[in-house]
Amino acid sequence: MTTVYSILATILAYLIGSLSFAVIVSRTMGLNDPRTYGSKNPGATNVLRSGSKAAAVVTLLLDAAKGWLPVALVAWFGKPYGLEEGTIALVGIAAFLGHLWPVFFKFEGGKGVATALGVLLGFSGWLGLLVLLTWVAVAAIWRYSSLSSLVAAVLAPVFYILIGGELWDFHAEIFSAVLLMSALLVYRHKLNIQRLVEGKESKLGQKKSK
């Protein structure tokens with residue numbers, strides 16, 4: 001039964017991750033679909049380009065929450081059902097993949113930064129906080145959301161493996177999940193990397209460069 005519970009938890013996490021809050025929040029608040037303007041990415045940064053800071057903040061919080069919730073639920077209630085770190089890692093990845101390729105939105109998802117942060121917070125509050133502070137520090141200095149996300153993504157597995165055993169217990173399954181999310185985040189930012197190299201990437205608060 002443990003395997004069945006693990007599979008069910010993973011499927012549920014994917015479905016939760018598939019809730020594209022950038023689209024849902026924009027529709028609810030009467031804004032344009034974020035997939036039709038700017039970077040066409042259904043994420044908080046692109047929603048901010050609509051001019052609604054409130055919509056962007058709500059999107060950011062909900063996208064992070066949908067990554068955190070499945071991980072937290074398994075961590076809190078899974079042990080009596082035999083759900084350990086392996087399942088925690090699986091549901092984290094599933095929620096993240098749901099955001100990238102959401103079944104409810106024709107598999108057209110965002111880059112996954114906020115959802116990945118939520119997953120990391122579920123794995124360890126300290127890990128999530130370190131990654132968040134990294135993002136904020138890079139954004140404050142260079143003002144590029146994409147660069148902040150890339151640096152945070154690359155450093156997340158570094159933080160996990162270097163500080164594992166100090167602020168949190170090290171688990172190979174969790175490390176593998178962090179490493180996979182980091183790799184996918186870098187992959188999803190490939191166009192941003194190209195624009196950064198060419199000097200065409202827009203900064204926070206600016207309209208996207210054409």
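Guide: This is a predicted model.

Visitor: Why is Asn41 called buried?

Guide: Its relative accessible area is 12%. Buried means under 20%, so Asn41 counts as buried.

Visitor: Which residues does Asn41 touch, leaving out those up to four places away in sequence?

Guide: Asn41 touches Pro34, Asn46, Gly109, Gly110 and Lys111.

Visitor: What makes the pair of Asn41 and Lys111 a polar contact?

Guide: The backbone nitrogen of Lys111 lies 3.2 Å from a polar atom of the Asn41 side chain. The cut-off for a pair of N or O atoms is 3.5 Å, and the distance of 3.2 Å is within it.

Visitor: Why is helix H9 called oblique to helix H10?

Guide: H9 (residues 172-188) and H10 (residues 190-198) pack at an angle of about 55°, with their axes 4 Å apart. Roughly parallel requires under 35 degrees and roughly perpendicular 65 to 115, so H9 is oblique to H10. Val186, Tyr187 and Arg188 of H9 make the contact with Lys190, Asn192 and Ile193 of H10. These residues divide into three nonpolar, one polar and two charged.

Visitor: Which residues touch the most other members of the largest nonpolar core?

Guide: They are Leu120, Phe123, Leu127 and Met181, in a core of 32 residues. Helix H5 (85-100) gives the most to this core, with eight residues.

Note on methods:
Residues are numbered from 1 along each chain as its sequence is written. This is a predicted model: local features need pLDDT of at least 70, side-chain atom pairs count only at pLDDT 80 or more; totals for chains, interfaces and linings use all residues. Side-chain values use heavy atoms; hydrogens and water are left out. Axes are lines fitted to C-alpha atoms, for helices over the stretch in contact, and angles run from 0 to 180 degrees between N-to-C directions. Helices (H or I, at least four residues) and strands (E, at least two) are DSSP runs, numbered from the N terminus. Angles under 35 degrees count as roughly parallel, over 145 as roughly antiparallel, 65 to 115 as roughly perpendicular and the rest as oblique. Contact means heavy atoms within 4.5 Å. Ala, Val, Leu, Ile, Met, Phe, Trp, Tyr, Cys and Pro count as nonpolar, Asp, Glu, Lys and Arg as charged, and the others, Gly among them, as polar. A nonpolar core is a set of buried Ala, Val, Leu, Ile, Met, Phe, Trp, Tyr and Cys residues joined through side-chain atoms within 4.5 Å. Buried means under 20% relative accessible area, exposed over 50%, partly exposed in between (1.4 Å probe, protein chains only). A polar contact is a pair of N or O atoms within 3.5 Å; within protein, one must be able to donate a hydrogen and the other to accept it, and residues adjacent in sequence count only if both atoms are side-chain atoms.
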